[in-house]
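Visitor: Hi! I'm new to this one and would like a friendly tour. Could you show it to me?

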Amino acid sequence: MARSKSLNLGFLILLLCLSAEARFVVEKNSLMVVAPQDMRGKHDSAIGNFGIPQYGGSMAGTVVYPKSNSHGCDDFTESFRSKPGALPNFILIDRGECLFAKKVWNAQAAGASAVLVADDKDEPLITMDLPREDDEAAKYIQNITIPSALITQKFGEILKKAVKDGEMVNVNLDWRESVPHPDDRVEYELWTNSNDECGAKCDVLMNFLKDFKGSAQLLEQGGYSQFTPHYITWYCPKAFILSKQCKSQCINHGRYCAPDPEQDFSTGYEGKDVVIENLRQLCVFKIANENKRSWAWWDYVTDFHIRCPMKEKKYNKECADEVIKSLGLDLNKIEKCMGDPDADTDNAVLKMEQNAQIGTGSRGDVTILPTLVVNNRQYRGKLERKAVIKAICAGFEETTEPAVCLDDGIETNECLKDNGGCWQDKAANITACKDTFRGRVCECPVFDGVQFKGDGYSSCQANGPGRCRINNGGCWYGSRDNKFFSACKEFGDNKCQCPSGFKGDGTKTCEDVDECKEKKACQCPECSCKNTYGSYDCTCSGDLLYMREQDACISKSASQVRGAWFAIVVVLTVLAIVAVGGYAIYKYRLRSYMDSEIRAIMAQYMPLDNQTEVPNHSQEENHA
């Protein structure tokens, strides 16, 4: 058994040597120094392949360099948790002496919001990752939730000097351009594996597939994304095609190979079993995609993992066929797509996969599993649903993101702290702060059908009809003696204006005007003034009546006389109107009668235009 293991490992090393010339691309994000002024500028930083980068967003913070434990390989004795209202702390750590992931884990435990690792040599930036499978690192690497980045040695020295000199160094980590976002559809691919007994990484991959399935299917069914699964295979060198290693790990005479699942040729499943199942999953996707059901791939791979695990000895064709039938996929077409694994010919599907492993454009070669690529840019970070959705959503052109990108699960939750620095009305429970996967935005909201307008930071005012329903439009209001008074107006310039009988700014105060005390009314000698809320009452002594318009008291008899004279005036006015109207009618009728009489008389002596000339017979007789 020891010999077979060593042969297997030797074979894997050989395969890795064949890919030694692989093309790697380091995914970067921008690091902007904001202060002090003489250090302002942009610098590149390499995104760590663990933690959760804030794809599509940015993060501001203050650089802190530890007083001790500068490599971050031990637990920190000092706390880096930021104080309320202060910027988050970005811990600057030196490279070396321990794994990158351990540095970041220790910094996170001490309260850091992000980690910057300064390189210890003058070289191009590399991607921070685990160089090997490490059982100790596997325990905490999946619990790292803060972002991290590697910076150059030169830039690290500049930051360290500034911090040691007492400078407050503010920086901004920006991931907005880490994923291209050209249009309203995202193309992404996942390089995966059907092997479920390859350790911690396989467990992470399978858990991700289950958690992400729902979101992936929503994106695909809505036409928002184009997903493609891929599987890594290697070829066996010709010199080893007849060896036990190649025969057990390869199909099609050494053309397509995968490592032995248990790393032991003498027991369990073989590498070629994994290759065949990978091929089957590729064909499931191909046939489902041809039937406009590409999202069925997610159902198959998750169902296969649950129903056909290796540890229960169900990782076989019979179990796979049952899963395919349960999903209503065409089993015959899938088997035809797979071809003959024993044939000494190329397999069209797997050949295409090997070609796809070679990097193009901004994407490097794919050599490790799992690998996620979004818009032809390799994803770096934790393979976890929320983190991956953020990366995919960052690939959409802004304002074209689907609803899944605004899900509560991937919001930044910046509004939970100090309302994100945005305007809010605590009384009405209204806020201008809105969390998105790109970060919080301050926009005046629409609430209960009423649009608020303003800058979203310091002010938002209800505008238009219905504004007074919401916290009385932010204006003053009060009541007295079952009467309601408000400074809010539904229409106009939306300003708060105290109602009649009140004075004040209309927003916070409107005080009742005491017309009696201020001598604005009821000033006649016989008047007696009494102030009421929003108005006043004025009475006269004896049997006198108060005339508000004239601010005077008059006797009831005088009032009656005035009433009688008013009635007489009204009657005379009506009679005058009737007389004038009657005279006009009389004149019109008389004129019409005279016109008709004149026309009749004139018609007897001269012909009119509409009459023919009457011949004169007497004149004709005289001429004869």
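Guide: Let's begin with Glu 290, which is partly exposed because its relative accessible area is 47%. Here buried means under 20% relative accessible area, exposed means over 50%, and partly exposed is in between (1.4 Å probe, protein chains only). Before we go on, this is a predicted model, where local features need pLDDT of at least 70, side-chain atom pairs count only at pLDDT 80 or more, and totals for chains, interfaces and linings use all residues. Residues are numbered from 1 along each chain as its sequence is written, and side-chain values use heavy atoms, with hydrogens and water left out.

Visitor: Thanks! Which side chain meets Glu 290 in a salt bridge?

Guide: That is Lys 286, with 2.9 Å from N to O. A salt bridge is a side-chain nitrogen of Lys or Arg within 4 Å of a carboxyl oxygen of Asp or Glu.

Visitor: And where do Lys 286 and Glu 290 lie?

Guide: Both are in helix H7 (residues 271-290), 4 residues apart, which is about one turn of the helix. Helices (H or I, at least four residues) and strands (E, at least two) are DSSP runs, numbered from the N terminus. Lys 286 is partly exposed, at a relative accessible area of 39%.

Visitor: How many salt bridges are there?

Guide: The count by this rule is 16. One of them pairs Asp 299 with Lys 213, whose closest N and O atoms are 3.4 Å apart. Asp 299 sits in helix H8 and Lys 213 in helix H5, so this pair ties together parts that are 86 residues apart in sequence.

Visitor: Is Lys 213 buried, exposed or partly exposed?

Guide: Lys 213 is partly exposed, with 22% relative accessible area.

Visitor: What about Asp 321 and Lys 317?

Guide: Their side chains also meet in a salt bridge, 2.7 Å from N to O. About one helical turn separates Asp 321 from Lys 317, because they are 4 residues apart in helix H9 (residues 317-326). Asp 321 is buried at 10% relative accessible area, while Lys 317 counts as partly exposed at 39%. As for shared partners, salt bridges join Asp 94, Glu 157 and Lys 160 into one network.

Visitor: Let's switch topic. How many disulfides does a search of the whole structure find?

Guide: The search finds 9. A disulfide is a covalent bond between the sulfur atoms of two cysteines. The cut-off used here is a pair of cysteine sulfur atoms within 2.5 Å.

Visitor: Which cysteine does Cys 236 pair with?

Guide: Cys 236 pairs with Cys 246, and their sulfur atoms are 1.5 Å apart. Cys 236 is in the loop between strand E9 (225-231) and helix H6 (244-249), and Cys 246 is in helix H6, so the link ties together parts 10 residues apart in sequence. Both cysteines of this pair, Cys 236 and Cys 246, are buried.

Visitor: Is that disulfide right-handed or left-handed?

Guide: The torsion about the S-S bond of Cys 236 and Cys 246 is about 55°, so the disulfide is right-handed.

Visitor: And the one between Cys 444 and Cys 460?

Guide: Those sulfur atoms are 2.0 Å apart. Cys 444 lies in the loop between strand E17 (439-442) and strand E18 (446-447), and Cys 460 in strand E20 (residues 460-463), so the pair links distant parts of the chain, 16 residues apart. The torsion about the S-S bond of Cys 444 and Cys 460 is about -85°, so this disulfide is left-handed. Cys 444 and Cys 460 are buried.

Visitor: Which residues lie nearest its centre?

Guide: Of the 13 residues lining the largest cavity, Ser 194, Met 206, Gln 281, Phe 304 and His 305 lie nearest its centre. The largest share of the lining, 3 residues, comes from H8.

Definitions and conventions: 1 Å grid on protein atoms, 1.4 Å probe; cavity = no way out; pocket = protein on both sides within 12 Å on 5 of 7 lines; lining within 4 Å.
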